[in-house]
Amino acid sequence: MLRVFIVAIAALFCLPLLAAEPPATPPPPSPFSFIYSSEEAGSLNLFEENPVVTRRMVDRLVRAATGQTETAKAWRSLVAPTDRVGIKVAAAGGRYFASHHGIVAAILDGLEQAGIARNHVIIWDREASDLTAAGYTSDHGYQVAFVPPGKGYDRTTQFSAPVLGKLIWGDALFAEKQGKLGKKILQSDQLSSSSYLCNVLSKDITKVINVPVLSDEAGCGVAGAIYNMTVPNLDNWRRFTSTEGDGASGLLDIYSDDRVGGKVVLTIMDALIAQYAGGPRFNPNYAFPYHTIYASKDALALDSNAFRLIEGWRKEAKLPSIAGRAEWLQEGEQMGLGHYGENKIIIHPVGGE
């Protein structure tokens with residue numbers, strides 16, 4: 001009778017009869033990261049894209065990356081109609097070396113199949129002039145956003161790093177410090193260890209399709225997936241790409257934040273044209289048609305693969321190694337952001353219909 005009474009009382013108050021089991025331990029990280037690649041010689045004619053071919057390539061990659069057999073289902077597994085989706089393009093390379101329009105068009109079509117209207121999607125990068133030069137304008141049916149100097153940053157999203165940067169016009173705190181200090185301003189007064197996230201990423205969107213290009217960068221070695229989601233979305237960003245010191249490691253902390261990398265559901269790396277020196281601006285002396293697109297849910301693995309490719313091309317061209325500038329990628333694996341080791345990254349070619 002006593003046992004029946006205890007059961008009844010426990011059921012009434014939703015109390016467990018026995019000690020609660022400990023919470024389930026999260027599964028260990030996967031021992032491997034998968035990168036899916038699609039290569040078609042017909043994707044480019046010299047430096048001109050064939051969007052029919054690149055559309056086909058993107059559809060294959062999204063199906064492979066999500067494990068779906070249908071393109072619409074693949075996109076629906078990534079986003080929902082209630083999401084506010086942004087496509088983070090890399091526009092600094094202008095007409096030829098920005099994220100290619102055929103790739104972005106394929107993403108827009110896929111999002112529509114997932115129930116997200118084209119005019120609800122935001123395509124963005126930092127500079128309005130770069131977006132215009134790259135051909136991203138609002139008359140294509142989607143929204144285009146850039147980061148207005150000073151006012152385009154969310155002051156509630158502060159990222160601090162041990163490396164100092166000198167504030168310049170356009171940074172969130174520059175005008176404020178100028179106003180307070182007036183003519184007495186000293187160079188030391190404009191040094192800051194903080195950066196703020198742009199409003200587009202912090203407030204306007206809930207999920208991101210990241211579309212970087214495969215490029216080098218003088219300060220951090222690789223201007224790829226992690227760079228594309230951090231540097232163009234921050235003020236006081238120059239400290240992370242300085243050729244002096246190891247500021248690039250700060251990009252890992254920023255990308256690991258749920259408001260940044262946590263919003264990225266898929267990265268599609270545009271390697272139709274690859275550039276191994278002089279990036280991220282377009283330099284045709286070091287760029288060539290590579291006819292490839294990559295997709296992965298592991299941004300660090302994509303960047304690590306890009307680093308090895310760039311390093312090989314630079315060696316062939318008898319250019320200095322970028323290994324010292326890209327050491328921060330190895331730290332990313334130690335932080336659990338993804339895989340850096342070549343033996344832990346599986347590149348899976350995707351072909352056929």
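Biologist: Among contacts between residues at least 6 apart in sequence, what share joins residues at least 24 apart?

Modeller: This is a predicted model. In it, 71% of those contacts join residues at least 24 apart. Take Phe47 as a case.

Biologist: Where does Phe47 lie, and what is it in contact with?

Modeller: Phe47 lies in the loop between strand S2 (44–45) and strand S3 (48–49). Leave aside its neighbours within four places in sequence. Phe47 is then in contact with Tyr96, Ile273, Phe282, Ala287, Phe288 and Pro289.

Biologist: How many helices and strands are there in the protein?

Modeller: The protein has 12 helices and 14 strands. It has 353 residues, and buried ones make up 51% of them. The accessible surface comes to about 16800 Å². Carbon and sulfur atoms account for 56% of that surface.

Biologist: What does Leu201 touch, beyond residues up to four places away in sequence?

Modeller: Leu201 touches Trp124, Val208, Met229, Asn233, Arg259, Val260 and Lys263. Arg259 also has a charged partner: its side chain meets that of Asp257 in a salt bridge (2.9 Å, N to O). Arg259 counts as partly exposed, at 30% relative accessibility.

Biologist: How should I read a salt bridge?

Modeller: Start with the general idea. Side chains of opposite charge can pair when their charged atoms come close. This structure holds 15 salt bridges. In one of them, the side chains of Glu48 and Arg95 meet at 2.7 Å, N to O.

Biologist: Why does the pair of Glu48 and Arg95 tie together parts that are apart in sequence?

Modeller: Glu48 lies in strand S3 and Arg95 in helix H4 (residues 94–97), so the pair links parts 47 residues apart in sequence. Glu48 counts as partly exposed, at 37% relative accessibility. Arg95 is exposed, with a relative accessible area of 56%.

Biologist: Which residues are linked in a network of salt bridges?

Modeller: Arg55, Asp59, Asp109, Glu112 and Arg118 are linked that way. Elsewhere, the side chains of Glu70 and Lys73 meet in a salt bridge (3.9 Å, N to O). Glu70 is partly exposed, with a relative accessible area of 41%. Lys73 is partly exposed too, at 39%.

Biologist: Is Asp83 buried or exposed?

Modeller: Buried means under 20% relative accessible area. Asp83 has 15% relative accessibility, so it counts as buried. Asp83 is found in the loop between helix H3 (71–76) and strand S4 (85–89). A polar contact of 3.3 Å joins its side chain to that of Thr206. Asp83 touches Ile116 and Lys207 as well as Thr206, not counting residues up to four places away in sequence.

Biologist: Which residues make a nonpolar surface patch?

Modeller: Phe32, Phe34 and Ile346 make one of about 250 Å². Phe34 lies in strand S1 (residues 33–39). Phe34 is partly exposed, with a relative accessible area of 38%.

Biologist: Where are Leu46 and Asn236 placed?

Modeller: Leu46 is in the loop between S2 and S3. Asn236 is in the loop between helix H9 (225–230) and helix H10 (250–255). Leu46 is exposed, with a relative accessible area of 69%, whereas Asn236 is buried, at 0%.

Biologist: Which residues does a cis peptide bond join?

Modeller: Gly279 and Pro280, with omega about 5°. Pro280 is found in the loop between strand S12 (264–275) and strand S13 (287–296).

Conventions. Residues are numbered from 1 along each chain as its sequence is written. This is a predicted model: local features need pLDDT of at least 70, side-chain atom pairs count only at pLDDT 80 or more; totals for chains, interfaces and linings use all residues. Side-chain values use heavy atoms; hydrogens and water are left out. Patches are made of residues with over 30% relative accessible area and no salt bridge: like charges are joined within 9 Å, nonpolar side chains (Val, Leu, Ile, Met, Phe, Trp, Tyr) within 5 Å. Accessible areas come from the Shrake-Rupley method with a 1.4 Å probe; for residues, only the protein chains shown count as cover. A salt bridge is a side-chain nitrogen of Lys or Arg within 4 Å of a carboxyl oxygen of Asp or Glu. Helices (H or I, at least four residues) and strands (E, at least two) are DSSP runs, numbered from the N terminus. Buried means under 20% relative accessible area, exposed over 50%, partly exposed in between (1.4 Å probe, protein chains only). A polar contact is a pair of N or O atoms within 3.5 Å; within protein, one must be able to donate a hydrogen and the other to accept it, and residues adjacent in sequence count only if both atoms are side-chain atoms. Contact means heavy atoms within 4.5 Å.
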